[in-house]
Amino acid sequence: MRTIFRTLCAMLLSIAACGGGGGGTPSGTLLINELTAVPVVEAFLGRGNEIEEVSSGLVMLLDELDLSQEGTFDCPEGGTHTIDLFGNPPTGARITFDDCEIAVDETVVTLNGTLEFRVVDGDTVAFTVDLEIDDDGSIGEIVGDMTIRVKFGAGSTVVTTLSGNSLTMTEKGEGFTIADYRIVDTTDMGTGDYSETMRGYLRSTTFVGSVYFQTLEPIEGPDDDHPEAGVLILCGANGSRLRITLMGEDILLELDADGDGVYEDDETITWDDLD
C-alpha cells in the first residue's frame, strides 16, 4: 500500500503560505516547531496506507456479502450480519455486524457495529461506518464517512477519489482523524506506477491540535512501495509550516516555525527512520 497526496501547482512550491487572511492555505491549531515537527511527520507519513486499506476493506465487505435481500444471515466464518435495504429498487443498505467473522488475507477478523452505503451514481458509493475490528486480538475502531469514486482513464489508468467530512481510526489507544479530506490516486494498472494527491486536516493522539496538509507537487512512486518524489506542506498555528520533499530514500524536512515565510531549519531523514 502507499502514501497518498494531492497536487496544487509546481509554482506554489516557492510561494505557498499557511494561514492568514489573504486567501492563503488554511492552517491548523498546532504550532509546528522543533518539538512538534517530528511527531507531526511520524503521524502524517504512512497514513495514506491506512486510509487506502479502509477504502479497500469497505469495497471488499460489499463483495463478500450477499446484499440481494433483507434479513439476518450467517457470516462466512461465524457470527451474523443483518441487512436493511434502502430504496425500491435498493440503492444502498445498512449492515449490522454481530461478531461477524470474515477471512481477510488468510486471517479471520471479527466485526461488530454498522456500515451504511448508498450508491450515488455508477462510479460513486458513499459510506458511513462505525465498526470495531478484532484482528487476532488487536482491537481497532473505524468511525466516520468516506465517499469512493472510481473512474477509468486512458489506457490502463484508474483514478480513485476518496473524500469525506471526518474519518477516525484507532487501535490500542492510538490513532488519528482526517477531516474535510480529499484524496486522489491515479494508478497505471499495467505498471503499478502511481501519482497521488491529498488535502485536509489531521489530528493525532501523538500531538495536541491539528495541522492542515496539502501537496505542492504530485507524490509519485512505484507499485506497492513508498513514494520517491513529491512535495507537500503541513500548516499549523500562527503561520508555522513544515515542507516535506520526497527524494528517493531520503525525506527533506524544512521548518518555518515563526511563520515569516523563511525555512530556518532543515533536516534530511530516511524512510527507515520512520519505521
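This is a short tour of one predicted chain, stop by stop.

Before you start, note that residues are numbered from 1 along the chain as its sequence is written.

**Whole chain.** Show everything as a cartoon: you will find three helices and 14 strands (DSSP runs, H or I of at least four residues for helices and E of at least two for strands, numbered from the N terminus). Of the 275 residues, 43% count as buried, that is, under 20% relative accessible area with a 1.4 Å probe, protein chains only.

**Strand β13.** Now select residues 250–256. Six of the seven residues here are buried, so β13 is largely enclosed by the rest of the structure.

Pick out L242 and its bridge partner L255 in β13. Which residue in the turn has a positive phi? Zoom in on G248, at about 65°, in a hairpin with two residues between β12 and β13.

**Its neighbour β14.** Next, select residues 265–270. This strand and β13 pair in the antiparallel sense over six bridges. Highlight L253 to see its bridge partner in β14, E267.

Terms used:
This is a predicted model: local features need pLDDT of at least 70, side-chain atom pairs count only at pLDDT 80 or more; totals for chains, interfaces and linings use all residues. Side-chain values use heavy atoms; hydrogens and water are left out. Buried means under 20% relative accessible area, exposed over 50%, partly exposed in between (1.4 Å probe, protein chains only). Two strands pair if DSSP finds at least two bridges between them.
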